[in-house]
Amino acid sequence: ANANANSNSNVNSNPNLNANSSPDQCENKQSGGNSVRTIGKLNYRLAVLQELMKTESDYVRDLENTIKIFLLPLRASRIVSEIVIKSLFSNIEILFGVNKQLLMELKSKLVIAQDTDISCIGDIFNQMGAYLKMYTVYCSNHPTAVQTLQILSKDKTFCSFLEICESDPACRSLPLSSFLISPVQRICKYPLLIKELIKNSPEKREEEIASLKIAEQKINEILEYINEKKRIQEQQQAVLEIQQRILGAENLSNPTRWFLRESYSCILELEHNLEKSEFNQLITQQQNNENVNENVDLSVLQKKERLRAPSEIKFANWRGLNIQIFLFNDIILLTRIKKSNRAIDNIIVSGSNWAKPDAFQLESSICLEKLSVSILKDQDKCNYEFLNNEKPTNIMILTDLIANVKYFLNFENVNERDTIYEEIQSQIKKLSEKATVLSNSKQMIQRPLKVTKLELLYQQIKTEKIQLFKKQQQRKEPTLLK
């Protein structure tokens, strides 16, 4: 507002402008209001340039202080291991080198003036774009850094060390957590500043605007890349933490697996026919000397069978059992709450819903590719003797197609049941589509090439022509062929 007011008064007091006026101001001197808006834009752009340089200089200073005041003394003190230091500071030393170079480039090529050519900013960010991807590692690790700092804050030795470091005048009374969040905030600031420079640059400066737009696009792509990697990191971290909370789920972690949601339910009833399970059918086929798919590993399937198809005694114990359901993109876990295990209760986990002071015992693991899910409608309740028709229920039926077991799960409310039902259906559909694509691609690879008679004739004629050409060349120029 002050910039616009000053520019307005200058134009009114001297309508012809002075000799030092910029070309853009001179071109707009006849247009009255347009001239004021152009000068206002240039003044605002100058303020953005000043902010870019000032904040970049302050940021590089803070990175250097974080390394000198916190990281290096902590490493020298050996209060914590190098692994803990890495989880706290990640690759901050590399980021310091990247931004120090960025600041040097800006200082050497950019002149802070109202009418300066700022195309160099776009060029600098385009050149440094590949190095800014280093922020992916830091941003992905930042939640771990926060969690590590919370754990270390309970250690008296570390707290004493941290108090000494934070008393340094260069810290400006800021805690370590403020310095650790600084790189995450800074990488998000660049596209905002460049956007403002584009917005307040005169339209006739097409080269400057084009260069800035390329830089803006590149930084936005880097931010998308960072966010995607951070999302994958968080998903994998969530799977690892759930694995620690569930007894019997030691092999849960998988690079292609991510956690979707959890839900609380009760097993009202089970229906099963173990003789019709996939494993027993394959064993029967093998005993009768029937054709069995060679790709099926019966030993692996038998292990799965033991997990998915509980004994009759276990089935009896499951009726009326309250369970916690953990849904992933490829499997669903049915777990029993186990409150007696205090060792697992002490594990520090992130999240709000499933980070409870309870441990879970894995009871059944069902692959979504071998799962059928349906909702039991009110009019169909009469078909099941175990249901009380007068009592309201929100039942979903899970059918394990391998073990041939039906789980009748009752949820606390219909919204929760419908939400998890739709999520399971969606994942089953995605897996089915993926399997179809893979099957089609395999068929394309394995499909033999059909060569027509015309193509064979063409190849024969081509071969004969080549041989004839070689004979002619041998007669004319014997050295040419060599």
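The model is predicted, so local features are taken at pLDDT of at least 70 and side-chain atom pairs at pLDDT 80 or more, while totals for chains, interfaces and linings use all residues. Residues are numbered from 1 along each chain as its sequence is written, and side-chain values use heavy atoms, with hydrogens and water left out.

**Stop 1: the core**

Select Phe70, Phe89, Ile121 and Phe125. Among the 57 residues of the largest nonpolar core, these touch the most other members. Such a core is a set of buried Ala, Val, Leu, Ile, Met, Phe, Trp, Tyr and Cys residues joined through side-chain atoms within 4.5 Å. Here, buried means under 20% relative accessible area, exposed means over 50%, and partly exposed lies in between (1.4 Å probe, protein chains only). Now colour the helices: α3 (33-77), α4 (82-89), α5 (92-109), α6, α7 (135-152), α8 (156-166), α9 (176-199) and α10 (206-245) each supply at least two residues of this core. The most come from α3, with 12 residues. Helices (H or I, at least four residues) and strands (E, at least two) are DSSP runs, numbered from the N terminus.

**Stop 2: two loops with positive phi**

Go to Arg78 in the loop between α3 and α4. Its phi is near 60°, a positive value in a residue other than glycine. Arg78 counts as exposed because its relative accessibility is 73%. Then move to the loop between α4 and α5 and pick Ser90, which is not a glycine either but has a positive phi of about 50°. Is Ser90 buried or exposed? At 9% relative accessibility, Ser90 counts as buried.

**Stop 3: surface patches**

Select Ile94, Tyr131 and Met134, which make a nonpolar surface patch of about 280 Å². Patches use residues with over 30% relative accessible area and no salt bridge, joining like charges within 9 Å and nonpolar side chains (Val, Leu, Ile, Met, Phe, Trp, Tyr) within 5 Å. The areas come from the Shrake-Rupley method with a 1.4 Å probe, and for residues only the protein chains shown count as cover. Ile94 sits in helix α5 and is partly exposed, at 43% relative accessible area.

For a charged patch, select Asp117, Asp123, Glu206 and Glu207, which gather as negative charge on the surface. Lys and Arg count as positive and Asp and Glu as negative, with His and the chain ends not counted; each charge is placed at NZ of Lys, CZ of Arg, CG of Asp or CD of Glu. Asp123 belongs to helix α6 (residues 119-132) and is partly exposed, with a relative accessible area of 39%.

**Stop 4: salt bridges**

The structure holds 17 salt bridges, each a side-chain nitrogen of Lys or Arg within 4 Å of a carboxyl oxygen of Asp or Glu. Start with Glu82 and Arg75, whose closest N and O atoms are 3.3 Å apart.

Next, show Arg261 and Glu416, a salt bridge with closest N and O atoms 3.4 Å apart. This pair links distant parts of the chain, from Arg261 in strand β2 (residues 259-272) to Glu416 in helix α15 (residues 414-446), 155 residues apart.

Then select Arg336 and Glu363, whose side chains meet in a salt bridge (2.7 Å, N to O). Arg336 lies in strand β4 (residues 331-338) and Glu363 in strand β5 (residues 359-367), 27 residues apart.
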